[in-house]
Amino acid sequence: MLRVLYLIYFWLIVFPVFFVLTMLCALVTFIGCTLGGSKWFSFYPGMVWSRAALWLTLCPIEIRGKENLKDKKGPYVVVANHQGAFDIFMMYGYLGIRFKWVMKEGIKKIPFVGVACKAAGFIFVDGHKRSSINNTMIAAKRVLAENTSIFIFPEGSRTKTGRMIRFKKGAFVMANELQVPIVPISIDGSFNVLPIGKISPRPHKLILTIHPQIRMEEMGIYPMNIQYTAREAQARIASVLLNEQECNETGN
């Protein structure tokens, strides 16, 4: 019965309100960034939009490890596991530092959202084109020079099972070449809210855990430090995720 009531609430109230908020956020972001206010408008409208999304969908969030970013000095390359669509709201709304996304090229095609993301200076990458990867590095250098961090999902796509897959090396190559620390983030609960393939969320508690930063130069010499850092970041992220711990205990 509660599920039915929630679905009625979601489709009759949350969805139309969220649609309007998304259009407003995209419009404000586009206009503000186009007029020269990229530093502010590329982040704060999205932060408000994300917090509103979690509030509307009745998903409480807990932030752990805030002390690991208490000085908010950067920039960083931030990496996190990718459980579901609500990961975006968790990161954008509550990480607490300004960052720009590294996102798939296809997002450019989403009406309103794609134009806003482009105006905000987010970084697009097409993993099938080497020229795109080179352009990504150039764009990343520009963002970091502005003392703005970069955020990447190193798995590349949302999990289908709730468990992480092996991290791709792109984020760690970027951190090594640009000489900035890695900050691993654990996202927990998002898979229970809206996993890939679903269109209706379920209210669930969300937990965002910020881990201590990893410095590439402390993880050995190139190229082995890329592999070591990727493994260490994934291990730290997995250390607080119940699904990962259960699978490790059973040997799967």
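Ile-214 lies in the loop between strand 7 and helix 9. Helices (H or I, at least four residues) and strands (E, at least two) are DSSP runs, numbered from the N terminus. This is a predicted model, in which local features need pLDDT of at least 70 and side-chain atom pairs count only at pLDDT 80 or more, while totals for chains, interfaces and linings use all residues. Residues are numbered from 1 along each chain as its sequence is written, and side-chain values use heavy atoms, with hydrogens and water left out.

Start with the surroundings of Ile-214. Ile-214 counts as buried because its relative accessibility is 2%. Buried means under 20% relative accessible area, exposed over 50%, and partly exposed in between (1.4 Å probe, protein chains only). Along the chain, Ile-214 and Val-183 are 31 residues apart, yet their C-alpha atoms are separated by 6.3 Å. Contact means heavy atoms within 4.5 Å. Leaving aside neighbours within four places in sequence, Ile-214 is in contact with Pro-181, Ile-182, Pro-184, Met-219, Thr-229, Glu-232, Ala-233 and Arg-236.

Thr-229 is at 0% relative accessibility, so it counts as buried. Not counting residues up to four places away in sequence, Thr-229 touches Phe-172, Ile-182, Ile-214, Met-216 and Met-219.

Now follow helix 9 itself. Its 15 residues should span 21 Å at 1.5 Å a residue, and its end C-alpha atoms are 21 Å apart, which agrees. The expected span is 1.5 Å times one less than the number of residues. The buried residues of helix 9 are Asn-225, Ile-226, Thr-229, Ala-230, Ala-233, Gln-234, Ile-237 and Ala-238.

What does Glu-232 form with Arg-236? The two form a salt bridge, with the closest N and O atoms 2.7 Å apart. A salt bridge is a side-chain nitrogen of Lys or Arg within 4 Å of a carboxyl oxygen of Asp or Glu. Both residues lie in helix 9 (residues 224–238), four residues apart, about one turn of the helix. An α-helix has 3.6 residues a turn, so residues three or four places apart point the same way. Glu-232 counts as partly exposed because its relative accessibility is 29%. Arg-236 is partly exposed too, with a relative accessible area of 22%.

The structure holds five salt bridges. Glu-62, Arg-64 and Lys-205 are linked in a network of them. Arg-64 and Glu-62 meet through their side chains at 3.0 Å, N to O. Lys-205 and Glu-62 meet at 2.8 Å, N to O. This second pair links distant parts of the chain, 143 residues apart: Lys-205 is in the loop between helix 8 (190–193) and strand 7 (206–210), and Glu-62 is in strand 1 (residues 61–64). Glu-62 is partly exposed, with a relative accessible area of 26%. Lys-205 is partly exposed at 42% relative accessibility, and Arg-64 is partly exposed at 36%.

Turn next to the nonpolar interior. A nonpolar core is a set of buried Ala, Val, Leu, Ile, Met, Phe, Trp, Tyr and Cys residues joined through side-chain atoms within 4.5 Å. The largest has 37 residues, and those with the most contacts inside it are Val-78, Met-91, Leu-95, Phe-99, Trp-101, Phe-151 and Ile-185. Two or more residues of this core come from each of helix 1, helix 3 (44–56), strand 2 (77–80), helix 4 (87–94), strand 3 (99–104), strand 6 (182–188) and strand 7. Apart from this core lies another, of 30 residues, among them Ala-139, Leu-144, Ile-226 and Ala-233. Not counting residues up to four places away in sequence, Met-91 touches Val-78, Ala-80, Phe-99, Trp-101, Phe-151, Ile-185, Ile-187 and Leu-208.

Some backbone details remain. Most residues other than glycine have a negative phi, and most peptide bonds are trans. The peptide bond from Tyr-222 to Pro-223 is cis, with omega near 5°. Pro-223 sits in the loop between strand 7 and helix 9. Phe-112 is not a glycine, but has a positive phi of about 70°. Phe-112 lies in the loop between strand 3 and helix 5 (113–119), and is exposed, with a relative accessible area of 53%. Gln-179 also has a positive phi, near 55°. Gln-179 is in the loop between helix 7 (170–178) and strand 6.
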